[in-house]
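Hi everyone, thanks for coming. Let me walk you through a structure that may be new to you.

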Amino acid sequence: MALVLAKEDLGGYLSRLAREYVVYAPVKRGDIVTFDIWRDGDEAVLDYETTNSAVKKAFFPAEETLLEFKGGAVSEPEHMGKSIVVFGIHPYDVQALKILDHAFGKPVKDSYYSRRRRGSFIVAVEHGEIPNAFYSELDLDFESGYDIILLDEGDHYLLDVKTKRGHKLVKNGNVRSRSGHVRKPKIPKSGKKKLNVKRTSAFLDGGPDDELWENLAKECFACGICSYVCPVCHCFDVEDRVGLSGEEGERVRCWDSCMLADFALVAGGVNFRDKRHMRIHNWYHHKFSRAVKERGMPDCVGCGRCITYCPAKIKIHDIIRRCEEKG
Ligand code: SF4
Ligand code: SF4
C-alpha cells in the first residue's frame with residue numbers, strides 16, 4: 001500500500017498538523033520563500049529552489065532569551081510546550097540538522113537547542129535543480145535523518161514513511177491509502193567529482209598566509225551574510241541587557257559570524273583575528289578542516305545559499321576547489 005497526499009489537500013493537512021504541533025514550512029513572504037511557522041492562510045511552497053533562511057532557526061533562533069531576572073529572582077522563559085514539525089525540508093538540509101545535533105550535543109548538551117529538537121519530526125521533500133548547490137560533491141547521506149519524505153507525483157505526493165514516529169503524522173484525514181509502492185527520492189547531481197576533503201583541509205591547515213586569502217579579502221565585505229544564511233553555521237554571542245534601574249534584565253543569545261570584525265575581540269582590546277584575510281581563512285578552515293577532525297565531515301552541506309546571497313558574488317565552491325588544488 002502507498003500513502004498519498006493530494007496537492008489540493010496540502011493546506012488542510014498542515015492545518016490539522018498545526019493544531020497539535022508547531023509546524024515550520026517553506027512559505028511565501030512577499031516574493032521570497034522562507035522557512036517560517038505555518039499558520040492558517042499561509043501558502044506552503046514545496047517546489048521551491050532554495051529558501052533564504054535555513055531551518056536551523058526552528059531549533060536555534062536568531063535571538064532568544066536564556067534567562068530573565070527581576071529583583072533577586074532569576075527565571076528561564078517557559079518552553080513553548082508543543083513538539084516541532086519541520087515540513088518540506090530538502091534532504092541536504094536534513095544533513096545540516098545532523099551536524100547541528102552534534103555541535104549542540106557534545107561535549108556539553110545545549111538545553112535550549114535540545115528541548116526544541118527532542119520530539120521533533122522531520123518531513124523531507126524531494127527537489128529539482130538548486131542554483132549554486134554542490135551537495136552531490138560532498139559525502140552526504142541523503143536517505144536518513146527524516147521521518148517521512150514526500151515524493152512528487154504531479155497532482156499528489158507519495159509519502160515514504162521511514163520511522164515509527166513518522167506514522168503519527170500520517171494519521172491525518174487528508175492522507176489516503178491506495179495500492180502501489182513508493183520509489184526512491186530523486187536527488188539531482190551536479191555531475192562533478194567529489195571534493196577531496198583531505199587535500200582541501202591539508203592546504204587550509206597551512207594558515208592564512210597565502211595570496212588566495214589576501215585576494216579574497218579585497219573582494220569580501222566582511223558582512224557575515226554567508227554565516228547567517230548557512231544551515232550549519234552556529235556561532236553565537238551572549239549579552240546581558242539590563243534595565244536602567246539595574247533591578248531587571250535578561251540574558252540573550254544571538255547569531256554571530258566569525259567574518260565580523262569584532263568576533264575575536266577580547267578583554268583588553270586585543271583582536272586575535274583583526275585582519276579580514278585571517279577571518280576569511282578561519283571561516284573555511286573551521287568548515288573544511290577543524291569540523292572534519294571533530295565530526296568526520298565538513299560543516300557544509302553544499303546548499304549554495306552563501307553563494308546565492310553573497311553581495312560580493314564570492315563562490316565558496318570555487319574557493320574550496322582552489323584549496324583542493326593547492327593541497
Ligand atoms: S557574504 Fe560574501 S561578502 Fe559577506 S562576509 Fe560572506 S563572503 Fe564576505
Ligand atoms: S554551501 Fe555555504 S551556506 Fe550552504 S552549507 Fe555550505 S557553507 Fe553553509
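One term before we start: two residues are in contact if their C-beta atoms, placed from the backbone, lie within 7 Å. What does Y24 touch, not counting residues up to four places away in sequence? Its partners are F35, D36, I37, W38, V55, A58, I84, V86 and F87.

A word on the source: this is a predicted model, where local features need pLDDT of at least 70, side-chain atom pairs count only at pLDDT 80 or more, and totals for chains, interfaces and linings use all residues. Residues are numbered from 1 along each chain as its sequence is written, while chains are lettered from A and ligands numbered from 1 in the order in which they are written.

Now the whole protein. The C-alpha trace spans about 65 × 60 × 40 Å along its principal axes. Among contacts with a separation of 6 or more, 71% join residues 24 or more positions apart.

How much of the protein is buried? The share is 34% of the 327 residues, where buried means 20 or more other C-beta atoms, placed from the backbone, within 10 Å of a residue's own.

Finally, ligand 2. Around it are 13 residues, with C230, C300, C303, R305 and C306 coming nearest; to be near, a residue needs its C-beta atom, placed from the backbone, within 6 Å.

Definitions and conventions: A residue is buried if 20 or more other C-beta atoms lie within 10 Å of its own, exposed if 12 or fewer, and partly exposed in between; C-beta atoms are placed from the backbone.
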